Amino acid sequence: MTRPVLVHTRADLAARLAPARAADSRVGLVPTMGALHEGHASLMRVAREHVGDGPVVVSVFVNPMQFAPGEDLDRYPRTLDDDLKLCEREGVDLVFAPSVDEVYPQGEPMVTVEPGPLAGVLEGKTRPTHFRGVLTVVVKLFGLVRPDVAVFGQKDYQQLALIRRMVADLCQGVEVVGAETEREPDGLALSSRNRYLDPEQRHDAVALSRALHAAREGAQYGVAAALTAARAELRAAKLVDLDYLAITTPELDELPADVPPGTEARILVAARLGSTRLIDNMPLVIGTTGSPDVSTEGNS
């Protein structure tokens, strides 16, 4: 295995990608905030599948614009040495780890990406400036790396939906791939924030995925039954402080009052365990006796 090239500046990034540009190779990008885990590794593998012999670029940047005052910016883990080892194992070609000044050379940008009404629901209700920061840094990374394909995890489903909409609305010409959520053996979605959980919180955290699975089973009887089944699992976990639980269309719009049988939908949950906030989601089908194929997670 060859250790990926580590670059910290825009100029070095452009220079390292120049040969690929000259050869007309496809370039893949996996944007991350570091503290990489097996979920990120799966994104790197998906990127490799899409670009073949072309370069896979992983960005490692803890973006201050997407953290509100009082959130965990300062304690967000920085583990660049370990991140490089994981990238090496997965055959990543280039790791772009810029400083804040390199990404925002004039400080807080005056021109940002307005995420629109979708940013005001779910995550946006408790984090109203979050997606403005996410989309602004993603569009910057797209401009710097100029990828043909960019891979994001479906665990951050609202983020994925907004990035897809941004790419379509701003004609960015990047193929956005949503990769399936990777999970621990007991079902907990992999997250860099899981390391903050103490043993009791970790035990109760699996209630999030249990709730989603319960909803998928209950969905054959309708939306209300799905939500009731999910809430029962969440109530059984004493340390789970629920933020939201919602069933929407795959595009995150509200479902109609009368949902036709066989309607594809998405269930999303967010909760706190102590000071740690976790999110998760799954696809489901309303009003059927069959269980939706798990493989649909990769296609939504």
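The following exercises concern a predicted model and come with worked solutions.

Residues are numbered from 1 along each chain as its sequence is written. In this predicted model, local features need pLDDT of at least 70, side-chain atom pairs count only at pLDDT 80 or more, totals for chains, interfaces and linings use all residues, and side-chain values use heavy atoms, with hydrogens and water left out.

**Exercise 1.** Determine whether Glu123 is buried or exposed, and state which residue forms a salt bridge with Glu123.

*Solution.*
Step 1. Buried means under 20% relative accessible area, exposed over 50%, and partly exposed in between (1.4 Å probe, protein chains only).
Step 2. Glu123 counts as buried because its relative accessibility is 5%.
Step 3. A salt bridge requires a side-chain nitrogen of Lys or Arg within 4 Å of a carboxyl oxygen of Asp or Glu. Glu123 forms one with Arg277, and the closest N and O atoms are 2.6 Å apart.

**Exercise 2.** Describe how domain 1 and domain 2 meet.

*Solution.*
Step 1. Domain 1 covers 5-179 and domain 2 covers 194-286; these bounds come from an automatic or database domain assignment.
Step 2. Contact means heavy atoms within 4.5 Å. In these terms, 17 residues of domain 1 are in contact with 16 residues of domain 2.
Step 3. Buried area is the accessible area (1.4 Å probe) that two parts lose on being put together, summed over both. Between the two domains this area is about 1,400 Å², and carbon and sulfur atoms give 52% of it.
Step 4. Arg75, Leu122 and Tyr157 supply 44% of the area that domain 1 buries against domain 2, more than any other three residues.
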